[in-house]
Amino acid sequence: MTKFSDIKGFAFDLDGVITDTAKFHTQAWHALADQVNVTWTPELQESLKGIDRMGSLEMILKAGNKQDDYTHDEKVALASWKNNHYVELISGLTPDDILPGMADFIKELNDKGYKASVASASKNAPFILDRLQLTDSFVGIVDPSTLTANKPDPEIYVRAAELLNLPPEQVIGLEDAASGIQAINGAGEVSLGIGNAEILHDADIRFESTADLTLANIAAKLD
């Protein structure tokens, strides 16, 4: 088991970890489901967590048995409509939208010389970090358009460690979704789950809330 003294860097998911853009994704996907006459349910909402844009669209269409009702180009247009709606919603983000305790935690990492990168399936991650005024806190953002597979595949976290120039065992990955925890574990990094213990049962260490995150608290759980 990795000791805290081995850790040199952190790889962050974005939605639900740094800020809650999930609520805007939910609004935009819900609007799209209404448009294609698919009933929106809490189960459908939960199943979209951590899934990329086209994958999410397919899941919504499948939920309404409409996966064969649209051509590829029509599906691309639907996904694009959803994204434009989402970008309108997130353009109002400010640093006040950073989740509790997270701005302090990121500052603590920077001050103590830890490196940090972002491993988000969102193509809008650079825009969001810019709105939150956090861009300079990270050495890089994995570009999801360059990946061959999505979470739970470990590729995005492997790339996040490469951005940090660190071996996986020196990196802690932070996630709020089960598929993300699976990806971190698959990459050979230490998985830190934020949220529900039942959903994040595979995480190496877990905190109930972002407000609990400090280096001292992580060290206490890891060692």
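**Pocket and helix packing in a predicted model**

The lining of the largest pocket takes at least three residues from domain 1 (2-18 + 96-220) and at least three from domain 2 (20-89). The model is predicted.

Visitor: How do you know which residues line the largest pocket, and which lie nearest its centre?

Guide: A lining residue has an atom within 4 Å of a pocket point. There are 29 lining residues, and D15, H25, L48, K49 and G50 lie nearest the centre. The pocket's volume is about 540 Å³.

Visitor: Which elements give two or more residues to that lining?

Guide: They are helix 1, helix 2 (42-47), helix 3 (53-63) and helix 4. Helix 1 gives the most, with five residues.

Visitor: What makes up the lining of the largest pocket by class?

Guide: Asp, Glu, Lys and Arg count as charged, and Gly is among the polar residues. On that basis the lining has twelve charged, ten polar and seven nonpolar residues.

Visitor: How do you know how helix 1 and helix 4 pack?

Guide: Two packed helices are described by the angle between their axes and the distance between the axes. For helix 1 (residues 22-35) and helix 4 (residues 72-90) the angle is about 140° and the axes are 9 Å apart. The crossing is right-handed.

Visitor: What makes the contact between these two helices?

Guide: Contact means heavy atoms within 4.5 Å. Helix 1 meets this with F24, H25, Q27, A28, W29, A31, L32 and Q35, and helix 4 with L78, W81, K82, H85, Y86, L89 and I90. By class, the contact residues are ten nonpolar, four polar and one charged.

Methods:
Residues are numbered from 1 along each chain as its sequence is written. This is a predicted model: local features need pLDDT of at least 70, side-chain atom pairs count only at pLDDT 80 or more; totals for chains, interfaces and linings use all residues. Side-chain values use heavy atoms; hydrogens and water are left out. Axes are lines fitted to C-alpha atoms, for helices over the stretch in contact, and angles run from 0 to 180 degrees between N-to-C directions. Helices (H or I, at least four residues) and strands (E, at least two) are DSSP runs, numbered from the N terminus. A crossing is left-handed if the near helix is turned anticlockwise from the far one by less than a right angle, and right-handed if clockwise. On a 1 Å grid over the protein atoms alone, a cavity is a set of points where a 1.4 Å probe fits but cannot get out, and a pocket is an open set with protein on both sides within 12 Å along at least five of seven lines; lining residues have an atom within 4 Å of a point. Grid points are joined across faces, edges and corners, and a volume is the space filled by probe spheres set on the points. Domain bounds come from an automatic or database domain assignment.
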